[in-house]
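Student: Can you walk me through this model? Keep it quick.

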Amino acid sequence: MDVIGGKWKVLILWALNERPCRFGELRRELPGVTEKVLASHLREMEADGLVHREAYDEVPPRVEYSLTPRGRSLNAALEPLGAWGRDNVLGRSPAAGQVREDDDVPLVTGAA
(Lines give C-alpha, C1' and ligand atoms only; values in the text may rest on other atoms or scores of the structure.)
Protein backbone atom coordinates (compact mmCIF):
# COMPACT_ATOMS: atom_id res chain seq x y z
CA MET A 1 0.00 0.00 0.00
CA ASP A 2 2.96 2.33 0.55
CA VAL A 3 3.77 2.10 -3.15
CA ILE A 4 0.40 3.53 -4.18
CA GLY A 5 -0.42 5.48 -1.03
CA GLY A 6 -1.43 9.07 -1.43
CA LYS A 7 -4.12 10.83 -3.36
CA TRP A 8 -2.28 11.13 -6.67
CA LYS A 9 -0.16 8.02 -7.26
CA VAL A 10 -2.89 5.84 -8.77
CA LEU A 11 -3.98 8.74 -10.96
CA ILE A 12 -0.38 9.21 -12.12
CA LEU A 13 -0.19 5.50 -12.95
CA TRP A 14 -3.38 5.66 -14.98
CA ALA A 15 -2.27 8.81 -16.82
CA LEU A 16 1.06 7.21 -17.74
CA ASN A 17 -0.73 4.06 -18.86
CA GLU A 18 -2.00 5.95 -21.89
CA ARG A 19 1.40 7.18 -23.11
CA PRO A 20 4.69 8.65 -21.86
CA CYS A 21 4.23 12.21 -20.60
CA ARG A 22 6.33 15.21 -19.81
CA PHE A 23 5.96 16.83 -16.39
CA GLY A 24 3.74 19.64 -17.66
CA GLU A 25 1.47 17.22 -19.50
CA LEU A 26 1.02 15.19 -16.33
CA ARG A 27 0.23 18.33 -14.37
CA ARG A 28 -2.48 19.26 -16.87
CA GLU A 29 -3.88 15.71 -16.80
CA LEU A 30 -4.23 15.93 -13.00
CA PRO A 31 -5.97 19.19 -12.14
CA GLY A 32 -5.43 20.09 -8.50
CA VAL A 33 -2.03 18.47 -8.02
CA THR A 34 0.76 20.85 -7.05
CA GLU A 35 4.15 20.80 -8.76
CA LYS A 36 5.81 19.89 -5.45
CA VAL A 37 3.53 16.90 -4.83
CA LEU A 38 3.75 15.68 -8.43
CA ALA A 39 7.56 15.89 -8.42
CA SER A 40 7.72 14.12 -5.06
CA HIS A 41 5.39 11.32 -6.14
CA LEU A 42 7.25 10.83 -9.42
CA ARG A 43 10.57 10.54 -7.53
CA GLU A 44 9.06 8.01 -5.11
CA MET A 45 7.50 6.00 -7.92
CA GLU A 46 10.81 6.01 -9.80
CA ALA A 47 12.58 4.75 -6.66
CA ASP A 48 9.94 2.00 -6.33
CA GLY A 49 10.56 0.90 -9.91
CA LEU A 50 7.13 1.90 -11.23
CA VAL A 51 8.07 4.91 -13.35
CA HIS A 52 10.97 5.44 -15.75
CA ARG A 53 12.40 8.95 -16.11
CA GLU A 54 14.07 9.64 -19.45
CA ALA A 55 16.12 12.83 -19.68
CA TYR A 56 17.03 13.85 -23.23
CA ASP A 57 20.22 15.77 -23.96
CA GLU A 58 18.52 18.68 -25.70
CA VAL A 59 18.20 22.42 -25.34
CA PRO A 60 15.82 23.17 -23.74
CA PRO A 61 16.01 20.02 -21.57
CA ARG A 62 13.25 17.48 -22.08
CA VAL A 63 12.22 14.80 -19.58
CA GLU A 64 9.57 12.15 -20.18
CA TYR A 65 8.01 9.79 -17.69
CA SER A 66 6.70 6.36 -18.63
CA LEU A 67 5.67 3.18 -16.87
CA THR A 68 8.10 0.36 -16.29
CA PRO A 69 6.92 -3.23 -16.74
CA ARG A 70 6.39 -3.28 -12.97
CA GLY A 71 4.22 -0.16 -13.21
CA ARG A 72 2.16 -1.67 -16.03
CA SER A 73 1.62 -4.84 -13.99
CA LEU A 74 0.49 -2.75 -11.01
CA ASN A 75 -1.99 -0.93 -13.27
CA ALA A 76 -3.32 -4.30 -14.41
CA ALA A 77 -3.72 -5.37 -10.78
CA LEU A 78 -5.57 -2.12 -9.96
CA GLU A 79 -7.99 -2.41 -12.90
CA PRO A 80 -10.58 -4.50 -10.96
CA LEU A 81 -10.55 -1.84 -8.23
CA GLY A 82 -11.18 0.84 -10.86
CA ALA A 83 -14.05 -1.20 -12.30
CA TRP A 84 -15.55 -1.53 -8.83
CA GLY A 85 -15.31 2.23 -8.33
CA ARG A 86 -17.00 2.93 -11.65
CA ASP A 87 -19.81 0.53 -10.79
CA ASN A 88 -20.35 1.46 -7.16
CA VAL A 89 -19.16 5.02 -6.75
CA LEU A 90 -19.81 6.65 -10.09
CA GLY A 91 -23.31 5.25 -10.34
CA ARG A 92 -23.33 2.49 -12.92
CA SER A 93 -24.98 -0.05 -10.60
CA PRO A 94 -28.77 0.12 -10.19
CA ALA A 95 -28.51 0.69 -6.42
CA ALA A 96 -26.02 3.55 -6.72
CA GLY A 97 -27.53 6.98 -6.43
CA GLN A 98 -30.74 5.79 -4.82
CA VAL A 99 -29.66 7.00 -1.38
CA ARG A 100 -29.18 10.73 -0.95
CA GLU A 101 -26.64 12.29 1.38
CA ASP A 102 -29.29 13.53 3.80
CA ASP A 103 -31.27 10.25 3.94
CA ASP A 104 -31.47 8.57 7.36
CA VAL A 105 -29.89 5.23 6.51
CA PRO A 106 -28.71 2.73 9.14
CA LEU A 107 -25.01 1.85 8.89
CA VAL A 108 -25.62 -1.74 10.03
CA THR A 109 -28.24 -3.97 8.45
CA GLY A 110 -31.18 -4.34 10.78
CA ALA A 111 -30.37 -1.22 12.84
CA ALA A 112 -33.03 1.42 13.21
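This is a predicted model: local features need pLDDT of at least 70, side-chain atom pairs count only at pLDDT 80 or more; totals for chains, interfaces and linings use all residues.

Student: Fine. How many helices and strands does the protein chain have?

Tutor: Four helices and three strands. Helices (H or I, at least four residues) and strands (E, at least two) are DSSP runs, numbered from the N terminus. The pattern along the sequence is α-β-α-α-β-β-α.

Student: What share of the residues is buried?

Tutor: 26% of the 112 residues. Buried means under 20% relative accessible area, exposed over 50%, partly exposed in between (1.4 Å probe, protein chains only).

Student: And the accessible surface of the protein chain, what does that come to?

Tutor: About 8100 Å², with 54% belonging to carbon and sulfur atoms. The areas come from the Shrake-Rupley method with a 1.4 Å probe; for residues, only the protein chains shown count as cover.

Student: Now helix α1. Which residues are buried there?

Tutor: Helix α1 covers residues 9-18, and its buried residues are K9, V10, I12, L13, A15 and L16. They pack against several elements, including α3 (35-47), β3 (62-67) and α4 (69-88).

Student: Which residues have the most contacts inside the largest nonpolar core?

Tutor: I12, L16, L26 and V51, in a core of 21 residues. Elements giving two or more residues to this core are α1, α3, β3 and α4. The largest share, five residues, comes from α1. A nonpolar core here is a set of buried Ala, Val, Leu, Ile, Met, Phe, Trp, Tyr and Cys residues joined through side-chain atoms within 4.5 Å.

Student: What does V51 touch?

Tutor: Leaving out residues up to four places away in sequence, its partners include L16, L42, M45 and Y65. Contact means heavy atoms within 4.5 Å.

Student: Switching topic. Is N75 buried or exposed?

Tutor: N75 counts as buried, because its relative accessibility is 4%. N75 is in helix α4.

Student: Which side chains make polar contacts with the side chain of N75?

Tutor: W14 is one, at 3.3 Å. N17 is another, also at 3.3 Å. A polar contact is a pair of N or O atoms within 3.5 Å; within protein, one must be able to donate a hydrogen and the other to accept it, and residues adjacent in sequence count only if both atoms are side-chain atoms.

Notes
Residues are numbered from 1 along each chain as its sequence is written. Side-chain values use heavy atoms; hydrogens and water are left out.
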